[in-house]
2 protein chains.
Amino acid sequence: MFLTVTLNTALDLTYRVPALVPHASHRVTEVAERPGGKGLNVARVLAALGHESVVTGFAGGPTGEVLRSLLAPLPVRDALVPTAGATRRTLAVVDATTGDTTQLNEPGPVIGPAEWTAFTDRYAELLGSAEAVALCGSLPPGVHVGAYADLVRQARAAGVPVLLDTSGEPLRRGIAARPDLVKPNTDELARLTGSREPLRAARDARRRGARTVVASLGPDGMLAATPDGVWRATPPSGLRGNPTGAGDSAVAALLSGAHLDWPARLARAVALSAATVLAPAAGEFDAAAYEDILGQVTVEEHASAA
Amino acid sequence: MFLTVTLNTALDLTYRVPALVPHASHRVTEVAERPGGKGLNVARVLAALGHESVVTGFAGGPTGEVLRSLLAPLPVRDALVPTAGATRRTLAVVDATTGDTTQLNEPGPVIGPAEWTAFTDRYAELLGSAEAVALCGSLPPGVHVGAYADLVRQARAAGVPVLLDTSGEPLRRGIAARPDLVKPNTDELARLTGSREPLRAARDARRRGARTVVASLGPDGMLAATPDGVWRATPPSGLRGNPTGAGDSAVAALLSGAHLDWPARLARAVALSAATVLAPAAGEFDAAAYEDILGQVTVEEHASAA
């Protein structure tokens with residue numbers, strides 16, 4: 001099975017309003033709730049691709065209970081660890097006039113030391129049967145900034161390939177622990193390396209410890225700097241839609257495509273990401289669109305050595 | 001005891017953000033949750049004034065459970081009736097830069113016919129020991145627009161004085177059932193009567209069926225059109241603060257002041273309302289400020305007959 005870790009899970013709320021006007025009062029016309037957090041999204045996509053997937057991380061309080069009840073009917077195994085605080089809410093306010101979204105993210109519960117120990121025990125146990133693991137998203141309050149570095153080391157010690165998808169200082173520390181794969185976007189790479197030039201920045205990130213760096217270039221596709229060479233994959237142009245969850249779909253494709261060569265693995269990540277952008281609901285993807293786009297992705301190898 | 005009815009209770013959330021920027025992503029720096037809905041606020045103020053108060057209406061789902069758990073430690077008796085749907089959330093987003101608030105209100109759960117019957121049975125039972133009742137706020141989906149008119153008639157049949165604080169068509173229908181008191185603001189009165197002139201509009205509302213109309217004039221105080229005459233009460237000028245809950249405090253003062261003459265009753269409503277505006281937390285009031293302002297409220301009787 002594939003394991004995904006979401007330390008700061010979220011109850012994702014979406015409000016639809018006729019038009020968002022700051023400092024006014026609004027009647028919300030539609031309310032949607034779904035279990036959220038990057039690792040949960042990755043696990044859902046893995047399940048939709050036919051893979052067994054298990055989610056761990058923390059859930060607590062009334063919002064955590066709702067999250068788990070929404071997760072229960074999905075083809076994803078819940079191995080979340082209880083926490084005393086309440087799971088955070090994230091709120092997307094969709095303006096029905098413009099289609100634009102305003103995002104409000106709660107910080108999340110404070111994780112205590114005993115809870116962290118309970119989590120790492122569960123993580124060690126789950127690694128025993130994991131084909132690969134993805135560590136996803138932000139750290140909740142109370143978890144030390146080097147936590148992902150520790151989890152990367154634990155996976156490597158267990159011989160389980162580990163993908164890290166986070167940002168800022170947790171990414172910087174995590175990379176130093178030598179994960180198999182990181183998937184930063186251009187902004188995250190620039191914060192890490194100081195360079196906005198993707199090839200230069202990806203190579204820098206490899207030198208910092210990541211075995212492979214897959215840089216997400218948004219609508220321009222992805223660039224992979226690997227031990228075997230550098231490839232760039234580009235989707236067909238002009239695909240428009242909702243980019244929410246596109247990165248999580250790319251993680252799912254990269255995690256489950258380890259048996260493929262890099263051009264094929266990268267093409268799948270780009271196609272699945274694009275099919276997620278095209279789907280009407282955030283974080284879903286259209287299987288037919290995925291197959292269709294996969295045939296149109298172009299992959300080029302970079303001439304010089306990685 | 002005093003009974004307050006809140007058919008569409010709410011879990012009131014407050015998010016503090018550094019600055020609210022539409023279509024951007026925000027980290028919420030502070031999250032607060034409290035039990036909400038106008039009748040719950042009225043009951044809290046009644047309790048703070050030393051009166052026994054009981055709240056009824058509907059609560060359901062995980063948000064309803066949180067609301068009831070937050071209500072439990074307060075000196076207010078919970079006589080809420082279960083509903084299958086989830087109690088709505090209302091969200092106030094406070095912009096820390098400007099101090100302004102953006103409000104987002106969910107519609108609330110759909111109330112089924114059997115749930116409505118369960119509520120009216122509970123209401124009838126509670127009326128048996130009520131000194132007065134306040135019917136407060138909007139109707140949840142599924143409750144017929146004439147519901148407040150029915151509840152007014154039920155209270156009158158039980159000999160219990162009834163105050164109605166709502167707006168729009170539920171107010172129009174409710175007034176026709178002859179409540180003892182309504183407390184519209186200038187906008188609500190204008191929607192009801194077509195007149196923005198408070199005295200004219202209040203007299204019109206009396207002709208429509210309300211025994212007494214107390215029109216809220218915001219910072220200019222209140223105007224009471226009663227069977228005994230017309231009075232206007234004015235607070236000291238220049239009071240600034242958060243008007244959230246000021247109307248609910250006025251309802252609490254009017255409900256509990258039935259033993260007083262109109263000038264005294266109105267002065268208390270205006271002073272308590274002003275003390276609520278001055279308090280730092282929305283819906284709270286400062287007891288010392290209340291006593292102080294009460295001595296500064298001016299009440300004038302209108303010369304012509306009501």
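**The sheets and their surroundings**

Tutor: His26(A) has Leu104(B), in β9(B), as its bridge partner. The model is predicted: local features need pLDDT of at least 70, side-chain atom pairs count only at pLDDT 80 or more, and totals for chains, interfaces and linings use all residues. Residues are numbered from 1 along each chain as its sequence is written, and chains are lettered from A and ligands numbered from 1 in the order in which they are written.

Take the strands on either side of that bridge. β3(A) and β9(B) (residues 101–105) run parallel and are joined by 3 bridges. Strands are DSSP runs of E, at least two residues long; helices are runs of H or I, at least four long; both are numbered from the N terminus. Two strands pair if DSSP finds at least two bridges between them. In general, strands of a sheet pair through backbone hydrogen bonds, either parallel or antiparallel.

Now widen the view. β3(A) belongs to an open sheet of 5 strands, ordered β3(A)-β9(B)-β8(B)-β2(B)-β4(B), with mixed pairing. β3 (25–27) of chain A and β4 (30–36) of chain B are its edge strands, each pairing on one side only. Neighbouring strands are turned by 15° against each other on average, direction ignored. Axes here are lines fitted to C-alpha atoms, for helices over the stretch in contact, and angles run from 0 to 180 degrees between N-to-C directions.

A helix covers part of this sheet. α2(B) (residues 61–71) lies across β2 (10–17), β4 and β8 (88–95) of chain B, at about 85° to β4(B). Thr63(B) sits in that helix. With 24 C-beta neighbours inside 10 Å, Thr63(B) counts as buried. The cut-offs, for C-beta atoms placed from the backbone, are 20 or more others within 10 Å for buried, 12 or fewer for exposed, and in between for partly exposed. Leaving aside neighbours within four places in sequence, Thr63(B) is in contact with Leu11(B), Ala86(B), Thr87(B) and Arg89(B). Contact means that the C-beta atoms, placed from the backbone, lie within 7 Å. Thr63(B) and Arg89(B) are 26 residues apart along the chain, with C-alpha atoms separated by 7.4 Å.

Next, the interface. 23 residues of chain B are in contact with 23 residues of chain A. On the chain B side, β2, β3 (25–27), α2 and β9 each give two or more residues. β9(B) supplies the largest share of that side, 5 residues.

Turn to the other sheet. An open sheet of 5 strands has the order β4(A)-β2(A)-β8(A)-β9(A)-β3(B), again with mixed pairing. β4 of chain A and β3 of chain B stand at the edges with a single partner strand each, so one side of each is left without a neighbour in the sheet. The twist averages 15° from one strand to the next. α2(A) (residues 61–71) packs on the sheet, touching β2, β4 and β8 of chain A, and its direction makes about 85° with that of β4(A).

Look inside it, at β2(A). Of the 8 residues of β2(A) (residues 10–17), 6 are buried, so the strand is largely enclosed by the rest of the structure. With β4(A) (residues 30–36), β2(A) pairs in the antiparallel sense over 7 bridges. With β8(A) (residues 88–95), β2(A) runs parallel, joined by 8 bridges. Arg16(A) stands opposite Glu30(A) in β4(A) and opposite Val94(A) in β8(A). Leu13(A) stands opposite Leu91(A) in β8(A).

Back to chain B for a helix. 9 of the 11 residues of α1(B) are buried, so this helix is largely enclosed by the rest of the structure. Its buried residues pack against β1 (2–6), β4, β5 (53–59), β10 (132–136), β11 (162–165) and α8 of chain B. The axes of α1(B) (residues 38–48) and α8(B) (residues 246–256) come within 8 Å and cross at roughly 55°. The two helices are therefore oblique to each other. Under 35 degrees counts as roughly parallel, over 145 as roughly antiparallel, 65 to 115 as roughly perpendicular and the rest as oblique. Among the α1(B) residues that meet α8(B) are Val42(B) and Val45(B). After α1(B) comes Gly50(B), with a positive phi near 95°.

Conventions: Two residues are in contact if their C-beta atoms, placed from the backbone, lie within 7 Å.
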